[in-house]
Amino acid sequence: MGIAGRDRLLSLAGFLAVWWIAARVAASPTLLPSPMAVALFIGRECEDGAMPAAFAATLLRVVVAFGVAMAGGTVVGYAAGRSGRANAWLDPWVVIALNLPVLVVIVLAYIWVGLNDTAAVLAVVIAKAPTVVVTVREGTRALDPGLAEMAAAFRLPRLRRLRHVVLPQLLPYLAAAGRSGLSITWKIVLVVELLGRPNGVGYVLNLYFQNFNVTGILAYGLAFAGLMLLVEAAILQPLERRTSAWRSDV
Amino acid sequence: MFEARIDRKVFVAPDGTRRQVLRDVRVSIAGGEVIALLGSSGIGKSTTLRILLGLDTAFDGAVQHRDWRIGVVFQEPRLLPWLTVADNLRLVVTDGMPQPDIGALLEMVRLPNAADLYPRQLSLGMARRAALARALAVSPELLALDEPFASLDPQLAAALADVVGRWTRDTGAAVLLATHDLAQALQLASRVLVLAGTPATLAADVPVPAGNDAATRAALQADLASRFPFFTANGDGLPGASLTD
């Protein structure tokens with residue numbers, strides 16, 4: 001481990017120490033439980049299956065909403081980047097969606113679609129997809145016209161053009177959209193669950209909020225954030241490195 | 001037969017200014033012909049080439065394609081950086097084309113050990129040779145070359161010109177070569193077209209005598225150079241004047 005890595009660990013230990021001291025000073029386990037108490041709570045919730053069940057429900061919503069937002073945002077962003085007219089039509093919608101408070105989207109989706117998972121996922125997609133559109137549109141505008149002309153001159157079939165000429169140029173943008181997208185998506189999903197789902201991490205957080213159970217709130221909040229960081233480090237970052245492997249020395 | 005008639009080509013700038021670059025350019029290419037399209041830089045050679053290749057359709061006139069297989073070498077190599085050289089060659093070979101011998105093609109352009117390299121590992125000269133190999137990989141019936149030998153050292157340029165010459169003799173492919181290098185054009189071409197004027201039009205359409213008649217070629221070169229001063233200005237067209245890579 002390098003010096004930077006060691007410093008990171010020390011910094012994290014410092015955070016736990018500050019938390020621990022603050023808990024000692026506050027001397028009120030209901031207001032600010034110690035790190036140890038939160039860890040024990042996580043252990044208990046895992047043992048009786050409550051936490052894994054909540055995580056599973058939330059993860060499913062995150063995966064579906066993330067997938068739909070990425071796929072839809074990519075198609076729309078590509079169209080907007082390719083054609084000035086498509087962009088003129090789409091841009092106002094994107095600007096409105098970008099500036100609409102997420103809370104408004106969620107509440108309206110629940111009112112109009114009903115208190116169900118379709119509304120939940122729809123709300124997340126509406127909140128998330130515009131950022132994908134903007135990023136992919138940027139990437140599409142940056143496509144190398146020389147390579148497109150080469151592909152046209154050699155009369156490459158459309159699918160081969162997309163797969164070998166266009167997609168590799170868009171991958172860095174898709175990776176960027178994906179990384180920022182995941183962190184936005186799961187945070188929105190928690191709010192969606194808090195407002196109108198009978199399960200998932202957001203629902204449990206709401207429950208503990210009603211009971212004023214700070215230990216439970218910290219346990220679920222931190223554990224799920226940790227899981228998402230793990231997903232990013234274990235899946236998204238290696239994927240991003242692989243897509244840009246041709247840039248580095250072989 | 002490949003025929004094109006460009007009555008008018010106008011560029012419209014973003015601010016709405018219109019600039020006509022071409023007028024009355026007629027080009028016909030028969031199989032086995034090697035046509036050099038000459039002219040000073042910026043005169044509209046690349047524009048003509050792009051229209052002939054169907055890459056630019058915003059012009060008055062018509063291009064009659066038979067379904068010729070076309071191999072193109074652009075001024076820049078335009079290789080896909082995420083594919084190896086061999087994969088760059090394979091990419092352009094589509095269904096129904098004869099399968100090329102990648103190794104032999106790379107050998108031919110003097111890149112015998114480059115198959116597994118990525119474009120960023122090549123020098124510019126190597127990348128241009130890879131681009132030539134890619135154009136040959138489609139077994140072209142028309143080989144279009146846009147200043148293909150610029151920025152190569154004279155020896156290598158001559159070697160690649162030789163590759164192109166041999167290719168047309170062996171396969172009967174037609175070649176359309178856009179260049180500002182008169183001497184090189186006369187070495188390779190069976191016919192020379194000169195673009196000149198504003199807007200540019202075909203100012204000369206001259207057959208080049210076959211065989212190694214150096215004296216006739218020198219006379220033709222002297223004649224064209226006297227009629228079109230831009231061939232001698234800036235040293236353009238003089239052997240060895242190109243930049244080395």
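A salt bridge is a side-chain nitrogen of Lys or Arg within 4 Å of a carboxyl oxygen of Asp or Glu. The exercises below use a predicted model, in which local features need pLDDT of at least 70, side-chain atom pairs count only at pLDDT 80 or more, and totals for chains, interfaces and linings use all residues. Residues are numbered from 1 along each chain as its sequence is written, chains are lettered from A and ligands numbered from 1 in the order in which they are written, and side-chain values use heavy atoms, with hydrogens and water left out.

**Exercise 1. Describe the make-up of chain A.**

Step 1. Chain A has ten helices and zero strands, where helices (H or I, at least four residues) and strands (E, at least two) are DSSP runs numbered from the N terminus.

Step 2. The C-alpha atoms of chain A fill a box of roughly 75 × 55 × 30 Å along the principal axes.

**Exercise 2. Characterise the packing of helix 2 and helix 3 of chain A.**

Step 1. Helix 2 (residues 35-47) and helix 3 (residues 50-82) of chain A pack at about 80 degrees, and their axes are 4 Å apart. Axes are lines fitted to C-alpha atoms, for helices over the stretch in contact, and angles run from 0 to 180 degrees between N-to-C directions.

Step 2. The two helices of chain A are therefore roughly perpendicular, a class that covers 65 to 115 degrees (under 35 is roughly parallel, over 145 roughly antiparallel, the rest oblique).

Step 3. Helix 2 of chain A contributes Ile42(A), Glu45(A) and Cys46(A) to the contact, and helix 3 of chain A contributes Ala50(A), Met51(A) and Pro52(A); contact means heavy atoms within 4.5 Å.

Step 4. These residues divide into five nonpolar, no polar and one charged. Ala, Val, Leu, Ile, Met, Phe, Trp, Tyr, Cys and Pro count as nonpolar, Asp, Glu, Lys and Arg as charged, and the others, Gly among them, as polar.

**Exercise 3. Which parts of the sequence does the pair Arg61(A) and Glu193(A) tie together?**

Step 1. The side chains of Arg61(A) and Glu193(A) form a salt bridge at 2.6 Å, N to O.

Step 2. Arg61(A) is in helix 3 of chain A and Glu193(A) in helix 8 of chain A, so the pair ties together parts 132 residues apart in sequence.
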